[in-house]
Amino acid sequence: MVQVENEYGAFAENKAYIGAIRDIVKESGFDDVQLFQCDWSSNFKKNGLDDLLWTINVGAGSNIKSQFAALKEARPETTLMCSEFWSGWFDHWGDKHATRSS
């Protein structure tokens with residue numbers, strides 16, 4: 001499997017852009033593998049392409065069942081996969097160090 005993008009729907013909505021990335025990945029030689037994109041279930045309809053597998057990114061404390069239910073509703077025949085499960089968070093440059101309860 002090869003990931004085409006990561007959570008683009010959290011920042012913008014542009015299916016043509018995602019399609020261009022997909023095409024670049026295929027033209028780079030990844031034309032005989034499963035391509036996928038990952039996002040939060042609330043963002044898939046913004047940029048989800050029909051020919052890519054959609055996978056879920058969730059964090060600790062998320063209602064995982066509802067995340068997968070939303071994906072299954074959008075794509076009833078899809079394989080369910082969590083591509084990113086995080087319990088921490090990243091730091092923004094210049095901001096205080098982010099911490100979360102384990």
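These legends walk through several close-up views of one predicted model. Because it is a prediction, local features need pLDDT of at least 70 and side-chain atom pairs count only at pLDDT 80 or more, while totals for chains, interfaces and linings use all residues. Residues are numbered from 1 along each chain as its sequence is written, and side-chain values use heavy atoms, with hydrogens and water left out.

**View 1. Four strands line up in an open sheet.** The order is E1-E2-E3-E4, with parallel pairing. Helices (H or I, at least four residues) and strands (E, at least two) are DSSP runs, numbered from the N terminus; two strands pair if DSSP finds at least two bridges between them. E1 and E4 are the edge strands, each with a single partner, so one side of each has no neighbour in the sheet. From one strand to the next, the twist averages 25 degrees. In general, strands of a sheet pair through backbone hydrogen bonds, either parallel or antiparallel.

**View 2. Strand E3 and its partners.** On one side, E2 and E3 run parallel and are joined by four bridges; here Phe 36 sits opposite Leu 53 in E3. Look for Ile 56 opposite Cys 82, Asn 57 with its bridge partner Glu 84, and Val 58 opposite Phe 85.

View 3. How many residues of E3 are buried? Seven of its seven are, where buried means under 20% relative accessible area, exposed over 50%, and partly exposed in between (1.4 Å probe, protein chains only). Leu 53, Thr 55, Asn 57 and Gly 59 point one way, while Trp 54, Ile 56 and Val 58 point the other way.

View 4. H1 lies across E1 and E2 (35-39), running at about 155 degrees to E1. H3 packs on the sheet too, touching E3 and E4, and its direction makes about 160 degrees with that of E3. Axes are lines fitted to C-alpha atoms, for helices over the stretch in contact (heavy atoms within 4.5 Å), and angles run from 0 to 180 degrees between N-to-C directions. E3, H3 (residues 64-74) and E4 make a right-handed β-α-β unit: with the strands pointing away from the viewer, the path from the first strand over the helix to the second runs clockwise.

**View 5. The largest nonpolar core.** Val 2, Val 4, Ile 18, Ile 21, Val 25, Leu 35, Leu 49 and Leu 52 make up this group of eight. A nonpolar core is a set of buried Ala, Val, Leu, Ile, Met, Phe, Trp, Tyr and Cys residues joined through side-chain atoms within 4.5 Å. E1 (2-6) and H1 (15-27) each supply at least two residues, and H1 gives the most, with three. Apart from this core lies another of five residues, including Trp 54, Ile 56, Val 58 and Leu 71.

**View 6. Two cysteines that stay apart.** A disulfide is a pair of cysteine sulfur atoms within 2.5 Å, and by that rule the count is zero. The sulfur nearest to that of Cys 38 belongs to Cys 82, 9.4 Å away. Cys 38 is buried, at 1% relative accessible area, whereas Cys 82 is partly exposed, at 33%.
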